[in-house]
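Follow along with the structure beside you.

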Amino acid sequence: MVTPRKGPLSGGALFGVPDRTAGVGHGRAARKVSTLKESRRPDPRWDEEIVLSRKVPQVANVLEQGGGLRSAVRTLNTRYHRAGLAFYLFIVVAHWAEHVAQAVQIWVLGWSLPEARGVLGVPFPWLVTSEWMHYGYALIMLVGLVLLLPGFTGRARTWWKISLGVQVWHHLEHLLLLLQALFGANLAGRAAPTSIIQLLVPRVELHLFYNALVFAPMVVAMYLHRRPSAAERAAMRCACATVPERRPVAEAA
């Protein structure tokens, strides 16, 4: 007597023939369970979206900061251009006075070079000997020329660019002096830090000349900026120009 198997049997299984369809249902069910598990797994793209959602505010903050800087420069060259030029001119004249005072001390009063330290250099000698101080002023000069350039138009802009070009070279000379002081290796084996043109011209005379070359076209630019032509006035975005005088209309005879 044949003992019947439990569960549903196909005809082939009843006669001892292997049933090839056995397990098909179980396989389909297993695949469904696997698919269901995979569908419940978090999509890796969600992680990317989470990362991006965290980065977007950071990028927005950077862009906002950049926009703030551009807005500040725009405001400086429109509403506050006259005040910015006045403050910048004060710094330039103060430094220029130091060079002039040093020249007077050497060639008029007959002081020795170590004693001729300008005005502030007499009570504070480190101001003259510090290459950091000289480089810092050259950098401030360069940054000021760049920041105030957009407010100029026409002929004044051309003269301001001339001053900027001279200051770029002046800044590079001071950067070379600073690097020599930091690394302790002076150009051409000199005893003190030496710039390129200083190989031909002494330092006091050279930097007095540099400051004169920067200052002269700057003054011309400011003068033309205050008294622009009609076309230049129309292109200006600041209120630096003087108001043109209105001539009375001659009465008809």
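**Entry 1: a histidine to start from**

I began with H174, which is buried, with a relative accessible area of 5%. The cut-off I kept in mind is that buried means under 20%, so H174 falls on the buried side with its 5%. I found H174 in helix α7. I then looked for a partner and noted a polar contact of 3.0 Å that joins the side chains of H174 and H170. A reminder to myself: this is a predicted model.

**Entry 2: the whole chain**

Next I stepped back to take in the overall picture. How many helices and strands does the chain have? I counted 9 helices and 0 strands. Read from the N terminus on, the elements run α-α-α-α-α-α-α-α-α. I also looked up burial for the chain: of its 253 residues, 28% count as buried.

**Entry 3: helix α6**

Which residue caps the N-terminal end of α6? I found S130 there, with a side-chain oxygen 3.4 Å from the backbone nitrogen of W132.

Then I listed the buried residues of α6: E131, H134, Y135, Y137, A138, M141, L142, G144, L145 and L148. I jotted down a rule beside the list: an α-helix has 3.6 residues a turn, so residues three or four places apart point the same way.

The C-alpha atoms of Y135 and L172 are separated by 9.1 Å, although the two residues are 37 residues apart along the chain. L172 has its place in helix α7. Buried or partly exposed? L172 is partly exposed, as its relative accessible area is 42%.

**Entry 4: salt bridges**

I moved on to charges. Side chains of opposite charge can pair when their charged atoms come close. A search of the whole structure gave me 2 salt bridges.

In one of them R203 pairs with E131, and the closest N and O atoms are 2.8 Å apart. This pair links distant parts of the chain, since R203 is in helix α8 and E131 in helix α6, 72 residues apart. R203 is partly exposed at 23% relative accessible area, while E131 counts as buried at 10%.

R155 also forms a salt bridge, with E232, and here the closest N and O atoms are 2.9 Å apart. R155 lies in helix α7 and E232 in helix α9 (residues 230-235), so the pair ties together parts that are 77 residues apart in sequence. R155 is partly exposed, with a relative accessible area of 41%, whereas E232 counts as buried at 9%.

**Entry 5: aromatic rings**

How many aromatic pairs does the structure hold? I found 3. Y88 and W160 form a tilted one, 6.2 Å centre to centre with 55° between the planes. The pair links distant parts of the chain: Y88 is in helix α4 and W160 in helix α7 (residues 154-183), 72 residues apart. Both partners came up as buried: Y88 at 5% relative accessibility, W160 at 0%.

W96 and F215 form a stacked pair, with 5.8 Å centre to centre and 15° between the planes. W96 lies in helix α4 and F215 in helix α8 (residues 203-226), so this pair ties together parts that are 119 residues apart in sequence. I noted W96 as partly exposed, with a relative accessible area of 21%.

I also wrote down a cluster: Y88, F152 and W160 form one aromatic cluster.

Which residues make a nonpolar surface patch of about 640 Å²? My list reads V100, V104, W107, V108, L109, W111 and V122. I followed up V122 from that list. V122 sits in the loop between α4 (81-107) and α5 (126-129). Its relative accessible area is 41%, so V122 is partly exposed.

Definitions and conventions
Residues are numbered from 1 along each chain as its sequence is written. This is a predicted model: local features need pLDDT of at least 70, side-chain atom pairs count only at pLDDT 80 or more; totals for chains, interfaces and linings use all residues. Side-chain values use heavy atoms; hydrogens and water are left out. Patches are made of residues with over 30% relative accessible area and no salt bridge: like charges are joined within 9 Å, nonpolar side chains (Val, Leu, Ile, Met, Phe, Trp, Tyr) within 5 Å. Accessible areas come from the Shrake-Rupley method with a 1.4 Å probe; for residues, only the protein chains shown count as cover. A salt bridge is a side-chain nitrogen of Lys or Arg within 4 Å of a carboxyl oxygen of Asp or Glu. Helices (H or I, at least four residues) and strands (E, at least two) are DSSP runs, numbered from the N terminus. Buried means under 20% relative accessible area, exposed over 50%, partly exposed in between (1.4 Å probe, protein chains only). Rings of Phe, Tyr and Trp (its six-membered ring) pair if their centres lie within 6.5 Å; planes under 30 degrees apart count as stacked, over 60 as edge-to-face and the rest as tilted. A polar contact is a pair of N or O atoms within 3.5 Å; within protein, one must be able to donate a hydrogen and the other to accept it, and residues adjacent in sequence count only if both atoms are side-chain atoms.
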